[in-house]
Amino acid sequence: MLLRFGLADRAKDTAKSLSGGMARKLSIAMALISKPKVLFLDEPTLGLDVRARRELWRVIEELNGKMTVVLTTHYLEEAQALCSKIAIMSCGSLRALGTAQEIMKLSNTDNFEDAFLFFTEKEEEK
């Protein structure tokens, strides 16, 4: 597992000595040891630099087809890049569900950020 996540050279290091990106990869590696059918990732790239974020995206993409990954994120480009199905939540309610393309079509918009705003702005105006 350490080889798969590029952590073999840090095998003897403590978790607290790892960078944010490495710590996130270690966390995912630990979760995968038990071979779960569903993996929950809550804001996995929050606070990571661009390189660490891209590396973690690669790891998540490699899980595609091997298990169900439930990913929460505030980064719309991340949802669009990594998720085959997206749920837009606002104020505790499900506002839209589908692929990025389906959500854009439902909102009659041509970019995902505008679609997100379409489904969430009505609640926020109240």
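Student: Where does aspartate 13 lie?
Tutor: This is a predicted model, to be clear. Aspartate 13 sits in the segment before α1, the helix that spans 20-32.

Student: And which class does aspartate 13 fall in, buried, partly exposed or exposed?
Tutor: Partly exposed, because aspartate 13 has 35% relative accessibility. The cut-offs are under 20% for buried and over 50% for exposed.

Student: What about lysine 12 and glutamate 121, how are their C-alpha atoms separated?
Tutor: By 49 Å. That pair is 109 residues apart along the chain. Glutamate 121 belongs to helix α5. Its relative accessible area is 37%, so glutamate 121 is partly exposed.

Student: What box do the C-alpha atoms of the chain fill?
Tutor: Roughly 50 × 25 × 25 Å, taken along the principal axes.

Student: Why does alanine 23 count as partly exposed?
Tutor: Because its relative accessible area is 30%.

Student: Let's zoom out. How many helices and strands are there?
Tutor: The chain has 5 helices and 4 strands. Reading along the sequence, you get α-β-α-β-α-β-β-α-α.

Student: What share of the chain is buried?
Tutor: Buried residues are 33% of the 126 residues.

Student: How many charged side chains, positive and negative?
Tutor: There are 18 positive and 18 negative side chains. The centres of the two sets lie 10 Å apart.

Student: What share of the contacts joins residues 24 or more positions apart?
Tutor: Such pairs make up 48% of the contacts with a separation of 6 or more.

Student: Give me one residue with partners from elsewhere in the sequence. What does threonine 68 touch?
Tutor: Threonine 68 touches Lys37, Val38 and Leu39, leaving out residues up to four places away in sequence. Threonine 68 itself is in strand β2.

Student: Why does threonine 68 count as partly exposed?
Tutor: Because its relative accessibility is 43%.

Student: Switching to pockets. What is the volume of the largest pocket?
Tutor: About 800 Å³. The largest pocket is lined by 27 residues.

Student: Which residues lie nearest its centre?
Tutor: Leu71, Cys83, Lys85, Ile86 and Ala87.

Student: Which element gives the most to the lining of the largest pocket?
Tutor: Strand β2, with 5 residues. The elements that supply at least two lining residues each are α2 (50-62), β2 (68-72), α3 (76-82), β3 (86-90) and α5 (112-125).

Student: Last topic, backbone angles. What is phi of cysteine 91?
Tutor: Near 55 degrees, a positive value in a residue other than glycine. Most residues other than glycine have a negative phi.

Student: Where does cysteine 91 lie, and is it buried or exposed?
Tutor: Cysteine 91 is in the loop between β3 and β4, and β4 covers 93-98. Cysteine 91 counts as exposed because its relative accessibility is 58%.

Student: And asparagine 108, what is its phi?
Tutor: Near 55 degrees, again positive in a residue other than glycine. Asparagine 108 is in the loop between α4 (100-106) and α5. At 72% relative accessibility, asparagine 108 counts as exposed.

How values were computed: Residues are numbered from 1 along each chain as its sequence is written. This is a predicted model: local features need pLDDT of at least 70, side-chain atom pairs count only at pLDDT 80 or more; totals for chains, interfaces and linings use all residues. Side-chain values use heavy atoms; hydrogens and water are left out. Buried means under 20% relative accessible area, exposed over 50%, partly exposed in between (1.4 Å probe, protein chains only). Contact means heavy atoms within 4.5 Å. Lys and Arg count as positive and Asp and Glu as negative; His and the chain ends are not counted. The place of a charge is taken as NZ of Lys, CZ of Arg, CG of Asp or CD of Glu. On a 1 Å grid over the protein atoms alone, a cavity is a set of points where a 1.4 Å probe fits but cannot get out, and a pocket is an open set with protein on both sides within 12 Å along at least five of seven lines; lining residues have an atom within 4 Å of a point. Grid points are joined across faces, edges and corners, and a volume is the space filled by probe spheres set on the points.
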